[in-house]
Amino acid sequence: MLLAYQEQIVEGLLRSDGALAVLGRGLGVHAVLLEVARRLLRDGGSDSRHATRLVLLIHTPQEEAELLLRRAAEDPRWAPCLDRLVAVGPELSVEERAEAYTRGGIFAVSARVLVPDLLAGRLVAEAVDGVLVNHAHSIGELSAEAFVLRLLRSSSPAPGVAAAASSSPPSSPGAARPRRCAVRAVSDRPDAFTGGEGKVDKIMQRCFVQHLEVWPRIREEVRVCLQGPSQPDVCQKTLELPAPVQEVQRRLLNIIEGTLEELQNDPKVSLGPLNVKASLFETFEVELRQTLGPVWQSLGPRTRRTIQDLSGVRQLLSALPRCEAVEFLRLLESLCAPGLGQEAPAWLSSPDAQALHTLARARVFEFVTGSTDAAQELTLRRTLEAHAKWGLLLEILEHTIQEVVAAEDASLEAEAAPTAAVPQGGFQLNPVPAGPCTLDDDSGSDLEIVSVSTAAKRPRLGDSDPGPGAGIGIGGGSGGAVCEPRLLVVVPDDRMRRQVSSILHDGPQATLLDSLGSYLKERSNRNASSGRQQQQQQQQQQQHQHGPQLR
């Protein structure tokens, strides 16, 4: 079932032939898309299974389309028309696609497939009743999705023409009434509409929509709907960057400032409001491309190279608060190493770059001079600076486990009372007041504990099998019962998931040692490969020098 504000969003999209709905993050854009698609199928005819309505769902990746299919299959309201929702993948041939279009339904299809089908006539533009545009914020001016929308809307009659055609009687009994292709677009990235001047108007023009609805979390309808009777307690932790990380950040900002000054020396480049402060935001590169777009063809190779170097420095700046020390050093060396046929970045010769390399290495290892009787020797000593969020994450988990232990002790005391009611086969825990806890810093969080729930476990007796939590004090009471809390840690990607899993199972130091081992192995292989390349270049030079003498 839809929430009240989601129902209003669906009704607003269906009320207009060209509408764009921008939702806040996590407000259910998939639920809105599926409900709009279901109602379009329901209104296509008396029998949804044999409806002739043809609707296209574009700008949806194959994985996301399969997710929508699974969610529709779990919804009983989709049972009469589930077979009319089709994800067009590479397994369908040209003939099968043309036959599917004639049957009608809703097709989640990529623009790369639609363009040849429309141009070849396998899909008639006049037969398309509507288009659902997903991720409308990323529709580019020269994208394939914008071209598909242009083809469909240019083949459809204008509103005035459609109204005139509907009021006048058809010329023949079998003449079809011209239809207008409706476009309904959704997006859950409101921040993507803020970069650039008039970006909302440009996206609406590309999508051929006239009406805009914005649904942030602060909107009254959304706030009232999400505000339930029992709200969780939210605890937000703000971290300050450690002193070495702050120094690395300062050096990176100095490099960005020098690079921007070098760009401004070109008389053809006018950066406008773009400065070092603007480089801290994700929209910096988009605004830079928009600023340099009109004069890009007239820029010299040195200026283009400087812009590419600036992108690499910004990548380091964004990765600094998220990556651990070894991973940041690996990224720094990969960006500074010149590629095949390319030059090293120009900012490497600056004093800030030299200090940056020194600071990045000092967070991982350092050379210690050891004096012996014969001579002084250099010894490599590991420093391995752990990420600041790791310690806070473990501290929060430890605190949560202690709360569960206290709740278990209270339940055991209540169980020992004469009037205590004990459930059969187990025990009952008192509710633990725990809620979402966000680990955050100034650059954005990448770890989030969204919920903590205590599960009533059957008593596990005996000290021979203490369980995974015995080392950190899980369990209480004389009976040796063990209570296992269930904690959900949300991370942004699979790489971070593996890292957090390693931290929880092996500890921070073991995780850093594994990362250091892989880094040293990659560096050794890279040095060996570069040595072989140098030998091959020397051999080729010698062959070129001695070739004329041999002939």
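**Values against cut-offs**

Modeller: F208 lies in the loop between α8 and β7 (211-215). The model is predicted: local features need pLDDT of at least 70 and side-chain atom pairs count only at pLDDT 80 or more, while totals for chains, interfaces and linings use all residues. Residues are numbered from 1 along each chain as its sequence is written, and side-chain values use heavy atoms, with hydrogens and water left out.

Biologist: Why is F208 called partly exposed?

Modeller: Buried means under 20% relative accessible area, exposed means over 50%, and partly exposed is in between, with a 1.4 Å probe and protein chains only. F208 has 27% relative accessibility, so it counts as partly exposed. F208 also has a positive phi of about 60°, although it is not a glycine.

Biologist: What makes H59 buried, and where is it found?

Modeller: H59 has a relative accessible area of 18%, so it is placed under the 20% limit and called buried. The residue is found in the loop between β2 (54-58) and α3 (62-74). Phi of H59 is near 60°, a positive value in a residue other than glycine.

Biologist: What makes T194 exposed?

Modeller: T194 has a relative accessible area of 57%, so it passes the limit for exposed residues. T194 lies in the loop between β6 (182-187) and α8 (199-207).

Biologist: Why is the R314 and E285 pair called a salt bridge?

Modeller: A salt bridge is a side-chain nitrogen of Lys or Arg within 4 Å of a carboxyl oxygen of Asp or Glu. The closest N and O atoms of R314 and E285 are 3.2 Å apart, so the pair qualifies. R314 lies in helix α12 (residues 301-319) and E285 in helix α11 (residues 284-292), so the bridge ties together parts that are 29 residues apart in sequence. R314 is buried at 11%, and E285 is partly exposed at 26%.

Biologist: Which salt bridges does D494 form?

Modeller: D494 pairs with R497 at 2.7 Å and with R498 at 2.4 Å, N to O. R497 and D494 both lie in helix α16 (residues 494-506), 3 residues apart, about one turn of the helix. R498 and D494 are 4 residues apart in helix α16, which also separates them by about one helical turn. R498 is partly exposed at 47%. Elsewhere, salt bridges that share partners join E7, E35, R38, R39, D75 and R77 into one network.

Biologist: What is R38 in contact with, beyond its neighbours within four places in sequence?

Modeller: R38 is in contact with R77, W78 and C81, where contact means heavy atoms within 4.5 Å. R38 lies in helix α2 (residues 29-42) and is buried, with a relative accessible area of 12%.

Biologist: How many disulfides does the structure hold?

Modeller: The structure holds 0 disulfides; the test is a pair of cysteine sulfur atoms within 2.5 Å. C181 counts as buried at 0%, and C336 is buried at 9%.

Biologist: How confident is the predictor, and where is pLDDT below 50?

Modeller: The average pLDDT is 79, and 77% of the residues score at least 70. Residues 157-178 have pLDDT below 50, and this stretch has 9 contacts beyond near neighbours in sequence. pLDDT is the predictor's confidence in each residue, from 0 to 100.

Note on methods
Helix = DSSP H or I, 4+ residues; strand = E, 2+ residues; numbered from the N terminus.
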